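Dear colleague,

Please find the structure below, handed over for your own work. My notes on it come directly after.

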Amino acid sequence: MVNSSFFSDLLASITERGRGLLRQKAWPEDAAGQAAHMIEACETVLSGRGEASGAALSRDVLDHYAQMAPEAKLAFFEALAHQFGAPRERLDKAVEAWRAAPSDDASAELHFAAEPRRQELFRRLNRAPGGTSTIVRMRADMLALMKDHPDLAMVDRDFAHLLASWFNRGFLVLKHIDWSTPAAILEKIIRYEAVHEIRGWADLRRRIDPEDRRCYAFFHPALVDEPLIFVEVALTEDIPGAIAPLLAADRAILPARKARCAVFYSISNCQAGLAGISFGNFLIKQVVTELRREFPRLESFVTLSPVPGFRAWLRGPGAAAVAEEDRFALEGLDDPKWLADPLEAKRRRKVLEPLAAHYFLEAKNRHGRPLDAVARFHLGNGARLERINWGGDVSGNGMRQSAAIMVNYLYELDDIEKNHEAFANQGVVVASAAVRKLAKGETRLRSFLPG
């Protein structure tokens with residue numbers, strides 16, 4: 001059977017042959033010269049027709065991009081924004097033709113005429129060997145610049161449009177990560193862990209090797225050795241409410257036959273250049289299906305999730321919702337001493353737990369979705385907000401992000417599609433009765449101000 005490596009080798013061979021047809025220019029040393037060189041090279045890529053020379057030109061563009069100084073990259077992105085938009089003359093003609101005689105043909109021409117030239121440029125660059133990975137890194141560089149250069153948002157829309165097609169769920173491959181996985185991939189699992197730091201190889205082995213632990217990663221055929229997203233799973237007897245026992249180095253290993261609950265305690269996106277690109281809304285369901293196949297006795301599939309934006313919200317609209325006599329609960333939250341004092345912890349819990357429930361159910365972003373990014377991910381994947389866990393993460397990071405609160409999202413296989421549709425179409429936050437009851441709370445909340 002012919003595999004993807006054959007086609008990769010063939011493409012590389014064609015590219016090398018194409019390079020022999022090109023006359024190479026010296027690479028400038030100054031940033032302005034580098035940007036100008038790149039713009040000229042991109043114009044050449046767009047004007048070319050030959051497959052061999054086109055792939056070679058594209059590979060040279062990507063190689064040169066890797067050598068560019070930061071200021072040259074900015075100038076290059078600015079050029080993409082302002083010089084590689086839709087061709088105005090063709091677009092004007094297409095608009096006039098549509099107005100004069102609307103038809104399917106006129107509509108199709110208007111569609112293609114309105115496409116920015118940079119989209120075709122990205123497609124051609126992607127044909128070069130290693131093109132996809134370089135384009136992903138290119139977008140990561142640009143995202144870091146967008147805060148100070150908002151005009152680059154138009155370029156990001158085109159990046160996102162193409163990457164969403166190239167990385168849709170149909171192309172992703174789920175693989176089980178264990179101690180026999182190649183070391184290069186295991187090293188990336190350590191490096192990319194974004195929720196609970198992996199402290200070296202021994203810590204990694206504790207997370208993927210025992211019989212009550214599993215790790216799965218999604219890969220794309222164009223990035224064979226680069227995980228896109230990975231999920232760490234703990235097999236337990238009951239739904240956990242705290243992270244420390246799951247990560248403890250001296251914990252007792254549970255025989256897999258006794259496990260009744262699969263806990264997704266860490267989900268990490270690995271590629272900064274794919275930020276905001278949806279891999280589809282049922283990735284976790286795919287992991288659940290794999291776990292159920294291996295462990296048919298499992299009854300519950302839940303997360304133990306952080307609440308990364310809760311403290312930031314408390315400093316803004318959340319604080320505005322709290323009565324004066326309860327504001328003590330918002331002070332000194334970084335100091336773990338209050339959590340160790342049973343009486344003080346009880347007083348603060350009475351205020352903070354209902355606030356957390358309100359945060360999940362009511363605080364919205366400008367798109368009308370939950371303010372919490374982790375909540376958006378799991379609700380979009382069809383989960384139900386099941387339980388708020390007081391004192392779930394007492395680490396320094398947990399205190400800073402969420403005042404030590406964690407949550408469980410429950411994945412009921414029979415309800416995943418229904419929950420997803422309710423969230424996607426109406427923005428419904430599917431939550432348990434316990435969470436909704438907690439949101440009513442006993443604390444003296446003022447009229448709630450959504451975030």
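The notes below cover the overall build, the cores, the pocket, the cavity and the aromatic pairs.

This is a predicted model, in which local features need pLDDT of at least 70 and side-chain atom pairs count only at pLDDT 80 or more, while totals for chains, interfaces and linings use all residues. Residues are numbered from 1 along each chain as its sequence is written, and side-chain values use heavy atoms, with hydrogens and water left out.

**Overall build**

The protein has 21 helices and 7 strands; these are DSSP runs numbered from the N terminus, with helices being H or I of at least four residues and strands E of at least two. Its C-alpha trace spans about 75 × 55 × 50 Å along the principal axes. Of the 451 residues, 47% count as buried, where buried means under 20% relative accessible area, exposed over 50% and partly exposed in between, with a 1.4 Å probe and protein chains only. Among contacts (heavy atoms within 4.5 Å) with a separation of 6 or more, 73% are between residues 24 or more positions apart.

**Nonpolar cores**

A nonpolar core is a set of buried Ala, Val, Leu, Ile, Met, Phe, Trp, Tyr and Cys residues joined through side-chain atoms within 4.5 Å. The largest one has 103 residues, of which Phe264, Leu291 and Leu352 touch the most other members. Helix H17 (residues 342-362) supplies the largest share of this core, 9 residues. Beyond its neighbours within four places in sequence, Phe264 is in contact with residues including Val231, Val233, Ile284, Leu291, Phe301, Leu304 and Tyr411. Another core, of 14 residues, lies apart from the largest one and has Leu186, Tyr192, Ile198 and Phe230 among them.

In helix H10 (residues 183-192), the buried residues are Ile185, Leu186, Lys188, Ile189, Ile190 and Tyr192. They pack against H11, strand E2 (213-219), strand E3 (229-236) and strand E4 (261-269).

**Largest pocket**

On a 1 Å grid over the protein atoms alone, a pocket is an open set of points with protein on both sides within 12 Å along at least five of seven lines, a cavity is a set where a 1.4 Å probe fits but cannot get out, and lining residues have an atom within 4 Å of a point. Grid points are joined across faces, edges and corners, and a volume is the space filled by probe spheres set on the points.

The largest pocket has a volume of about 1200 Å³. It is lined by 47 residues, and Ile267, Asn269, Ala373, Val374 and Phe377 are the closest to its centre. The elements that give two or more residues to this lining are H12, E4, helix H18 (373-380) and helix H19 (396-402), with the largest share, 6 residues, coming from H18. The lining divides into 25 nonpolar, 18 polar and 4 charged residues; here Ala, Val, Leu, Ile, Met, Phe, Trp, Tyr, Cys and Pro count as nonpolar, Asp, Glu, Lys and Arg as charged, and the others, Gly among them, as polar.

**Cavity**

The count comes to 1 cavity of 30 Å³ or more, and the largest cavity has a volume of about 60 Å³. Residues in its lining include Asp203, Arg206, Arg207, Arg213, Leu246 and Tyr265. Helix H11 (201-208) and helix H12 (244-247) each give two or more residues to that lining, and H11 gives the most, with 3 residues. By class, the lining of the largest cavity holds 5 nonpolar, no polar and 5 charged residues.

**Pro240**

Pro240 lies in the loop between E3 and H12 and is buried, with a relative accessible area of 12%. Leaving aside neighbours within four places in sequence, Pro240 is in contact with Leu246, Val263, Leu304, Arg387, Asn389 and Asn408.

**Aromatic pairs**

The structure holds 11 aromatic pairs. Rings of Phe, Tyr and Trp (its six-membered ring) pair if their centres lie within 6.5 Å, with planes under 30 degrees apart counted as stacked, over 60 as edge-to-face and the rest as tilted. The rings of Phe310 and Trp313 have centres 6.0 Å apart and planes at 25 degrees, so this pair is stacked. Both residues lie in helix H14 (residues 310-314), 3 residues apart, about one turn of the helix. Phe310 is buried at 1% relative accessibility, and Trp313 is buried at 2%. The rings of Tyr359 and Phe360 have centres 5.4 Å apart and planes at 70 degrees, so that pair is edge-to-face. Tyr359 and Phe360 are both buried, and ring pairs link Phe310, Trp313, Tyr359 and Phe360 into a cluster.

With kind regards
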